[in-house]
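Me: I would like to go through a few local features of this structure, one at a time. Please give the general idea, then the case at hand.

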Amino acid sequence: AQVLEEVALGLSKGLEPFKTHFTTTTHPVSQKAFSYIRGLFKSEKNRANCTSIADSLGEFDHQSINHLLTESPWSYQDVLDDLACKTSELFNTDQQVGLLIDEVGFRKKGRYSACVGRQYLGCLGKHENGQVAVVAGLSQGTHYCPINLELFMPQSWQEDHVRRNKAKIPQHIDHRSKPQMALEMIMDLKQRSIHFDYLGFDALYGSSFDLIEALDREGIQFIGDVRESIQVYLNKPVFQIPEKPKGTPGRTPKIPVADQPSYSLVQYMNTLKPEDHFELINFREGTKQRIRAGFHQRQVWICTDKQEGKLLRLQLLIRRDTDGTVRYSFCNMHQERLQKIAARQGQRVFVERIFEEGKNQVGMGDYQIRSWVGFHKHITLSCLALYYMVLQKVKHQKELTLTAPIIRKLVAATIISRW
């Protein structure tokens, strides 16, 4: 009972270290920012917006709350930078810490919300009008927290000055691919000495040869899902420009060719027998028991530049779930045991938990703000709410198992509402 009371009443104390970021040159807005976060905990799903929070709590009117997100000069990036540091400090160094990269989508109508457009939204599993942000989160065991994010700009917004001005998008923001955005985030975290042991990401990033080549060059360990159509070589090939037979018509060959065939991942998979080539491994804790799957590992090479015959040596990991689902991953963990690689691959599920809890528990997708800075400030405050949740989970993990819905209900019960 004492622990539950501490969780229910500890929101202000838990977020106290972030208070200085909301002290501006004109006046402090920490009280307003923390009120907004209380509103995120108190609001039912789909109602965590400025008007509903203002009407529910009665602490500030909706114009004042809107000003917090759109005009108040506090820096959301400073808050996120500090969030990364504090989350890193929260996780013990005696266990592996993963940096997880993924994108989160929000369905939105209209044309003038920052970077909105018809694009693939993972939350819907199809192309729809909406916004997408690239997100980085730290994960250790069953604990996880987002630490950085940036809205993805579709190509159609690059030169659309009318919409850019309406959404107040900074001039230095350009269209970049999501893998490019992810690499910039990763290198920034590395330069700021945010600790992580490895990277995990899905097939959008794992299938980007530019990204995984850059990570390997930097000595950053990664494991990323890849598409089954990716071509690999089972032995290291030699690329040579073929000689043109004398007296034959046509142009002289200029592009090097491998001395052996390549295979798609699904072609290689079809040559394997589950009973002979897969090792059963318990790779992650489930809600009731450890989750098990069959894993196969093999050294492979991919060609990252066909013009020059440039190669990258990788470990291929194939995971076969009990329901028959097959997942393919590349990693550069050449000296690690299969059990460790499998465990790291299994951690990627927790980035999906971040989005699930963010949207269902603390209103991550409920904003009604069009501007670039308004979007990022709302999501940043949602991230602080998620930080409070993981803070309580870690702090009390030896006493009881706390879940995001339980923490939200405990905190919400202490907040007085006018409704």
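Me: Let us start with a side-chain pair. Which residue does the side chain of Asp323 join in a polar contact?
Reply: This is a predicted model, and side-chain atom pairs count only at pLDDT 80 or more. The side chains of Asp323 and Thr325 are joined by a polar contact of 3.0 Å.

Me: Where is Asp323 found?
Reply: Asp323 sits in the loop between strand S13 (310-320) and strand S14 (326-331). In space, its C-alpha is 9.4 Å from that of Ala293, and the two residues are 30 apart in sequence.

Me: Is Asp323 buried or exposed?
Reply: Exposed means over 50% relative accessible area. Asp323 has a relative accessible area of 60%, so it is exposed.

Me: Now a loop residue between helices. Where does Ser371 lie, and is Ser371 buried or exposed?
Reply: Buried means under 20% relative accessible area. Ser371 has 10%, so it is buried. Its place is the loop between helix H14 (349-361) and helix H15 (372-395).

Me: What does the side chain of Ser371 reach, and which residues does Ser371 touch?
Reply: The backbone nitrogen of Gly374 is reached by the side chain of Ser371 at 3.0 Å. Leaving aside residues up to four places away in sequence, Ser371 touches Thr70, Ala114 and Ala167.

Me: At what angle do H14 and H15 pack?
Reply: The angle between H14 and H15 is about 115°, and their axes are 11 Å apart. The two helices are therefore roughly perpendicular to each other. The crossing of H14 and H15 is right-handed.

Me: Which residues of H14 and H15 meet?
Reply: From H14 come Ile354, Glu357, Gly358 and Gln361, and from H15 come Leu386, Met389 and Lys393. By class, this contact of H14 with H15 has three nonpolar, two polar and two charged residues.

Me: Take another helix pair. At what angle do the axes of H4 and H5 cross?
Reply: The axes of helix H4 (residues 50-57) and helix H5 (residues 62-70) cross at roughly 130° and come within 8 Å. H4 and H5 are therefore oblique to each other. Their crossing is right-handed.

Me: Which residues make the contact of H4 with H5, and how do they divide by class?
Reply: H4 contributes Cys50, Thr51 and Ala54, while H5 contributes His62, Ile65, Asn66 and Leu69. The contact of H4 with H5 has four nonpolar and three polar residues, and no charged ones.

Me: Next, backbone angles. What is phi of Cys115, and where does Cys115 lie?
Reply: Phi of Cys115 is near 60°, a positive value in a residue other than glycine. Cys115 belongs to the loop between strand S1 (98-107) and strand S2 (117-121). With a relative accessible area of 0%, Cys115 is buried.

Me: What is phi of Ser193, and is Ser193 buried or exposed?
Reply: Ser193 has phi near 60°, a positive value in a residue other than glycine. The relative accessible area of Ser193 is 63%, so Ser193 is exposed.

Me: Where does Ser193 lie?
Reply: Ser193 is in the loop between helix H8 (178-191) and strand S5 (198-201). To put the two residues side by side, Cys115 is buried, whereas Ser193 is exposed.

Notes. Residues are numbered from 1 along each chain as its sequence is written. This is a predicted model: local features need pLDDT of at least 70, side-chain atom pairs count only at pLDDT 80 or more; totals for chains, interfaces and linings use all residues. Side-chain values use heavy atoms; hydrogens and water are left out. Axes are lines fitted to C-alpha atoms, for helices over the stretch in contact, and angles run from 0 to 180 degrees between N-to-C directions. Helices (H or I, at least four residues) and strands (E, at least two) are DSSP runs, numbered from the N terminus. Angles under 35 degrees count as roughly parallel, over 145 as roughly antiparallel, 65 to 115 as roughly perpendicular and the rest as oblique. A crossing is left-handed if the near helix is turned anticlockwise from the far one by less than a right angle, and right-handed if clockwise. Contact means heavy atoms within 4.5 Å. Ala, Val, Leu, Ile, Met, Phe, Trp, Tyr, Cys and Pro count as nonpolar, Asp, Glu, Lys and Arg as charged, and the others, Gly among them, as polar. Buried means under 20% relative accessible area, exposed over 50%, partly exposed in between (1.4 Å probe, protein chains only). A polar contact is a pair of N or O atoms within 3.5 Å; within protein, one must be able to donate a hydrogen and the other to accept it, and residues adjacent in sequence count only if both atoms are side-chain atoms.
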